[in-house]
Amino acid sequence: MSLLAAAGINMSSIKIRTNRVAGKTQIRILIAHPMENGLNRNTKTNELIPAHFIQLLTVKYNEEVIVTCNMDARISKDPYFAFMLKGGNAGDKISINWTDNLGNKDAQDHIIGM
Amino acid sequence: MSDNRREFIKKSVALGGIAASELLGSQRANAEWFSEPAPDTNMLEETLKRLIKDKTITETGKIDINLPKVAEIGSLVPITVTSSLKNVVSIAILVDEKPAHLIAKFELSPALDAFVSARLKIPTTSDILVIVETNEKYYSAREKVNVVIGGCGN
């Protein structure tokens, strides 16, 4: 376990929240990412800011892929997504993975609470 | 001036194409997706054809698109799509403007409800088109959103 993780500090770009609602589980995801479309200019230098956006997002439920999302830079900066799982129990694992157009990736797990 | 417009359209189709091309798989399909359409093509039809390859799409009231009527800030437009259709396989969100553009496609397993929330960048007042794929056919619905301050930038 890294020092930061041991100290309880999570440096992932991904935040996952789940809440049980009437026998279902709502999954909410917030990712820190610029989602630049490549058409904006730096206001000071007037240089084009290169495209930098998440292209692929996957959600797994206990190792089974339940969402595959292909997206482009028209998704807002710091992407937010919500999904509704039929069922879902305390102790189940939700895993998020993303890949962007520059080949960067990140991943995060979350255990459904009580 | 027209060269810049062609570049912009090519870039926009490509941006949309990068997302969907992951799904198409074959080299030929990729080449088709990235090839530039003729200048007078209806861009939404073109995007739809490439997305669903000539299958028919039925408009339906069974898709609910929850969008603000007026989006104060075009760079952060919240959308929630739900549907009472059975056996939903995927939900695609497009914006019908010039050029038409596939924003995201969500493939959902049967473990999930037909429900997706996201936040979109919408540069100007336009229609949002949602295409829901079930195991049998494709359905669509559209909803207009008025944008006050346009948002493709931050």
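1. Let's start with the charged pair: D113(B) forms a salt bridge with K24(A), with the closest N and O atoms 3.0 Å apart. By salt bridge I mean a side-chain nitrogen of Lys or Arg within 4 Å of a carboxyl oxygen of Asp or Glu. The count between chain B and chain A is 1 salt bridge.

2. A word on the basis: this is a predicted model, where local features need pLDDT of at least 70 and side-chain atom pairs count only at pLDDT 80 or more, while totals for chains, interfaces and linings use all residues. Residues are numbered from 1 along each chain as its sequence is written, chains are lettered from A in the order in which they are written, and side-chain values use heavy atoms, with hydrogens and water left out.

3. Now the interface as a whole. Chain B puts 37 residues in contact (heavy atoms within 4.5 Å) with 32 residues of chain A. The buried area is about 3000 Å², with carbon and sulfur atoms giving 52%; that is the accessible area (1.4 Å probe) the two parts lose on being put together, summed over both. On the chain B side, L112(B), R119(B) and K121(B) lose the most area to chain A, together 21% of what that side buries.

4. Strand 4 of chain A pairs with strand 6 of chain B in the antiparallel sense, over 5 bridges. Pairing needs at least two DSSP bridges between the strands, and strands are DSSP runs (E, at least two residues), numbered from the N terminus. C69(A) stands opposite F106(B) in strand 6 of chain B.

5. Have a look at S76(A), in the loop between strand 4 (64-71) and strand 5 (80-86) of chain A. Is S76(A) buried or exposed? S76(A) counts as buried because its relative accessibility is 1%; the cut-offs are under 20% for buried, over 50% for exposed and partly exposed in between (1.4 Å probe, protein chains only). Leaving aside neighbours within four places in sequence, S76(A) touches M35(A) plus S75(B), L76(B), V77(B), R119(B), L120(B) and K121(B). R119(B) and K121(B) have come up already, among the residues of chain B that lose the most area to chain A.

6. Another loop residue is I49(A), between strand 2 (24-31) and strand 3 (54-61) of chain A. I49(A) is partly exposed, at 27% relative accessible area. Setting aside neighbours within four places in sequence, I49(A) is in contact with E36(A), G38(A), L39(A), N40(A), R41(A) and N42(A). Its C-alpha atom is separated by 18 Å from that of A32(A), 17 residues apart along the chain.

Key
Helix = DSSP H or I, 4+ residues; strand = E, 2+ residues; numbered from the N terminus.
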